[in-house]
Amino acid sequence: MVPVRAKAVEAALASKAANENICREAASLVLDAIDPVAEFCGSEINGDSRSRGMAEGDTGIGRLVADELAFCGIKLVASLPDNWVMDIIRTVDTDERFVHVPVNREEAAVGLCSGAFFGAMGSAALMGASGFMTLIYALTKINYTYEIPVFILMTLRGAGGDTQKHHISNGLYLLPVLESINMPYQIIDKRSDLGLISRSYRHSRTFSRPTAVIFSKELLLGRGA
Amino acid sequence: MKYIDAFRALNRHRTDQIVIASAGHSCQAWWEASKDSTTTFYLGASMSMSTMFAAGLAVAQPKLKLWAFMGDGAFCMNPGTLMVERQMNLPNLMHILVSNRAYGGTLNADLPNSARNDYAAIARGMGIERVFTLNTIDEIETEFPAIAQPNVPAYTFVILEVEPLVEQFKSPAIDLEAVELKYRFGRHIEQITGANIFGFRL
């Protein structure tokens, strides 16, 4: 199912210039039909996150996000995988504008980015929502106590449209947790709002604390307008 | 080897290294040994994040030389950090694992499997080649200068085997607020590198 999905998205995007709206609708219909199976196969069966299915297709979002990160002056990207952000991870990994460091856990990403701040190197920590939920001590102890900015990119797991039942907890608690620690965040669900990345990154520097951008499934899987 | 004696010995061999002190007793002992409030960042209660913090600074400023302390209590919470450190393989980063076989910051509480943990073997198992264990002050005096020489080819992992810290110091903790530490340290980095840390504008 995954290659079918990838090819459908690829074909739709390749034809984008010719008939953008029709192609987007066509890709969306295909994705809606196969998403549940593809995502189940990707996240539950394959052991290697880099080969998981959901983000196998190049939707072009990786390049758009990478361009926005580079525009901010971000050079270091520390990442942990989530199926939805694999396109971004693959893009920054091969893009010479970035130093990409795959890390062993989300706290390591926060540590790296916090240290990079003291080297005047712009940085971002890229992760899934579940990973973010492990970070509260690190963020509050390091970044709030010392007032060290850190910029986090994550997924809006558990929201409507996410078919994975194991992300229900993120749907229930991700946003309330962010609000409980007064951490500013922006949800981005369409490509035309990607400029909010720069705004949020800049705010982390002004605010001297963490900020986050949260990407929706629609944006990451190629159906955001 | 007494904990504080080991830190005093390391401080004698320090030249221009930037130090990141970690949770537990390393902040306390390094402050006692060095009284450094400018070129050391005291990352208190950071529970295994000190070396990644140091790695971030090391990758951003490759001309700086970084020493990062981490207690084995913090290490046992996140030994996988060595995988990332080996992957980055930053020659300007030295991870100094302070092995007192206890959770020093919490009254030297028991550490899991403490007698059998072989930190050097763990490091080598992750592909780290520059692994050194220092058991005595004499070893620090004779071996550490070569280990810490500039222009080493790769990342360095040093294990300090020490007794749990039991001494009471007159000034057990640095008397600076976290944000003051941030600015003192950051301004120093700005001064020696020319980097613009706090003047960020997009």
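User: How many bridges join β1 and β3 of chain A, and do they run parallel or antiparallel?
Analyst: 5 bridges join β1 (residues 74-79) to β3 (residues 122-126) of chain A, and the two strands run parallel. Strands are DSSP runs (E, at least two residues), numbered from the N terminus, as are helices (H or I, at least four). Two strands pair if DSSP finds at least two bridges between them. This is a predicted model, where local features need pLDDT of at least 70, side-chain atom pairs count only at pLDDT 80 or more, and totals for chains, interfaces and linings use all residues. Residues are numbered from 1 along each chain as its sequence is written, and chains are lettered from A and ligands numbered from 1 in the order written.

User: What stands opposite A:V77?
Analyst: A:A124 in β3(A).

User: What's the strand order in the sheet?
Analyst: The order is β2-β1-β3-β4-β6-β5 in chain A, an open sheet with parallel pairing. The edge strands are β2 (99-102) and β5 (185-188), each pairing on one side only.

User: Switching topic. How many residues does each chain put into the contact?
Analyst: Chain B gives 31 and chain A gives 31, with contact meaning C-beta atoms, placed from the backbone, within 7 Å. On the chain B side, α3(B) gives the most, with 8 residues.

User: How do α5(A) and α3(B) cross?
Analyst: The axes of α5 (residues 106-117) of chain A and α3(B) come within 6 Å and cross at roughly 45°. Axes are lines fitted to C-alpha atoms, for helices over the stretch in contact, and angles run from 0 to 180 degrees between N-to-C directions. The two helices are therefore oblique to each other; angles under 35 degrees count as roughly parallel, over 145 as roughly antiparallel, 65 to 115 as roughly perpendicular and the rest as oblique.

Methods:
Contact = placed C-beta atoms within 7 Å.
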